[in-house]
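Here's a quick tour of a structure, written for someone just getting started. Have a look at the picture first, then read on.

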2 protein chains.
Amino acid sequence: MPGLTLEDIAKKAGVSRSTASRVVNNHPNVSDDVRHRVQQVIQETSYQPHAAARTLASQRSWTIGLILPRTVSALFTDPYYPRLTQGIASACNQKNYTLSLFLVSTREDEEKIFPRVARKGFLDGLLVQSGQIGDHLIDGVTKSDIPLVIIGRPFHTKGISYIDVDNINATLEAVNHLVSLGYQRIGTIAGPSNSTVGIDRLKGYLRSLKDNDLPVDETLMVESEFTEQDGYQAMQKLIPAKPQAIFAASDIIALGAMRAVKEAGLKVPDDVAFVGFDDQPLPTKPDPELTTIRQPVYRLGGRAVETLIELIENGTDAARSIIMETQFIVRQSCGAKKKR
Amino acid sequence: MPGLTLEDIAKKAGVSRSTASRVVNNHPNVSDDVRHRVQQVIQETSYQPHAAARTLASQRSWTIGLILPRTVSALFTDPYYPRLTQGIASACNQKNYTLSLFLVSTREDEEKIFPRVARKGFLDGLLVQSGQIGDHLIDGVTKSDIPLVIIGRPFHTKGISYIDVDNINATLEAVNHLVSLGYQRIGTIAGPSNSTVGIDRLKGYLRSLKDNDLPVDETLMVESEFTEQDGYQAMQKLIPAKPQAIFAASDIIALGAMRAVKEAGLKVPDDVAFVGFDDQPLPTKPDPELTTIRQPVYRLGGRAVETLIELIENGTDAARSIIMETQFIVRQSCGAKKKR
DNA sequence: GTGAAAGCGCTAACAG
DNA sequence: CTGTTAGCGCTTTCAC
């Protein structure tokens, strides 16, 4: 039954439009008798309220946006994004919100998308996965007064709500573990230095070296995008420096790096040990399996949604920053299982 | 400048609301003079039209929905979905449509989502990736009169627009290639038999056997989900039957199967040759590289959007079915490179 | 507990 | 070319 309006329902049920509205929205102050009658009509006609009309009148769209920024190739090959999206979508569904997805891969995308997300009467709130420096989109969006939660630590945090893991301490713990295993020459393949994830994980690595009185050796540190290919190339640069162990800023990077190591005729973990970051399901299990830091990506997405909804409903006065727990998981690639 | 309405803009520019509206919507019949004046005001105030109000008045939301059905684990590990989504998102962006994403993984999801997508005044059209038999959602959605394009061949096609590749002939060609390479015992790891992809690719395999007067051997045929893990297990069942070559219904399946083969101490392609399906970027390159059928997943998404928009704009009278080209790509895993 | 009435902000005839 | 006038379908005071 298309095109039916609330007015029609009201007429059929012999009540006023306001009463019908009350029933639809589960308001109190409707007699059981009337409520039943109206509900019956709604059932029979499979009436659906008009979303735009409702939004216009109530100033709530029950829709939130998710912006996934410029990450061309990583978007397809790193399980992080699909997993995060799943967590977000699932939470939205549970909370009866609709999710609008904005994939920004080019500068033009960015420009077309901004007015759309800023438009009022469309989104109740916005989620942005980023930690990119100089992210125009974020700057713009924070200025508009739409409730906003950033996934990942934003570069400037003041007044901005965000949700992240403690990248620094998680990495610190992981690298400490490598130290405790007796490795002296511990290198890192860091993430992009224009991202907060990249910066924070590098910071954790450096802090561990310092805590353990290990020298900082520039030849043991290379930067990489979060892709297998890039990890591979980064490792090739690192091999001449003869690292005994590597902390890779993501599992995908570790995968590429291990490929480079194997190609060079070296063994993991005997010649080079590895620790990664993420522990999200990969299409194929790495060999040897990765010692890594698990971050709760799926739940991160869910929590981001919940936080955003709280902001939407209770006002955006106090910015929230939420740090979720990681878990260090020891498997084969770090060599611990053998040495013990 | 929040909360500004078209009325305010009109007032500031000294024109009527209708004229202001004409300028906003780039209608003709506005003098350059007036147009400029209004545009200036819009600029200065960074006015954004209220999306819901516009939708209500024009009966167009400029939003389309994408439903990705129940595919729990494959969603994270098979690059197909992220890639498809990218193609769709990019096309939406280009066409100035907004994309709403519905990830359906449980039955409850399904029930919560249906009323939302069916609600009028919210979506102008709907994209559903499916080819699942007994898909309640599709059944329901086809009954609502919202413009709809299915990605993948639906089980019942009459009156339904869809876009797909020619799975049967693509597979036929691939298996013929294996035959031409001299393999006699060619097995297949088929996709789920409750999906049209699974069915069609199996059909292509069988047709090739028939065309080449090869016997159909049940012990050489196993069914599998589109995951690495399942491909691995499927292959384990197949190994005792001593296949010389395998057509795997997807690259991910082939990956798992090759792992099983290697674990059994056999060599690819010398002991068992492989052909896969998809050729989408994987996090890590398979070894040996896969001979496979490339389907244009990204463009498939784009084309689906274009088709849907056409349906939205020109009416949904004639259902369209679009078949996109695949490309057979020979690499190492089938053994061709060696034998030549 | 129920109804009347006033919008929400915009588009789109229609008249001039 | 521009303004006037009706709505789009719903929510929400405010009376009763």
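This is a predicted model: local features need pLDDT of at least 70, side-chain atom pairs count only at pLDDT 80 or more; totals for chains, interfaces and linings use all residues.

- Chain B has an open sheet of 6 strands, and you can trace it in the order β7-β6-β8-β9-β10-β12, with mixed pairing.
- At the edges stand β7 (221-223) and β12 (327-329) of chain B; each has a single partner strand, so one side of each has no neighbour in the sheet.
- On average, neighbouring strands of this sheet are turned by 15° against each other, direction ignored.
- Strands of a sheet pair through backbone hydrogen bonds, either parallel or antiparallel.
- Take β9 (residues 273-278) and β10 (residues 291-294) of chain B: they pair in the parallel sense over 4 bridges.
- In that pair, Phe277(B) stands opposite Ile293(B) in β10(B).

**Helices across the sheet**
- Helix α9 (residues 167-180) of chain B lies across β6 (186-190), β8 (245-248), β9, β10 and β12 of chain B, and runs at about 170° to β8(B).
- Helix α12 (residues 251-263) of chain B lies across β6, β8, β9 and β10 of chain B, at about 150° to β9(B).

**Two copies**
- Rotate chain A by 180°, with 0.1 Å of shift along the axis, and it superposes on chain B with an RMSD of 0.1 Å.
- The two copies are therefore related as by a two-fold rotation axis.
- Among the residues of chain A, Ser100(A) comes closest to the rotation axis, at 2.0 Å (C-alpha).
- Both copies use the same surface: 100% of the contact residues of chain A recur in chain B.

Notes. Residues are numbered from 1 along each chain as its sequence is written. Chains are lettered from A and ligands numbered from 1 in the order in which they are written. Two strands pair if DSSP finds at least two bridges between them. Helices (H or I, at least four residues) and strands (E, at least two) are DSSP runs, numbered from the N terminus. Axes are lines fitted to C-alpha atoms, for helices over the stretch in contact, and angles run from 0 to 180 degrees between N-to-C directions. Two residues are in contact if their C-beta atoms, placed from the backbone, lie within 7 Å. Copies are superposed by least squares on the C-alpha atoms of residues with pLDDT of at least 70 in both.
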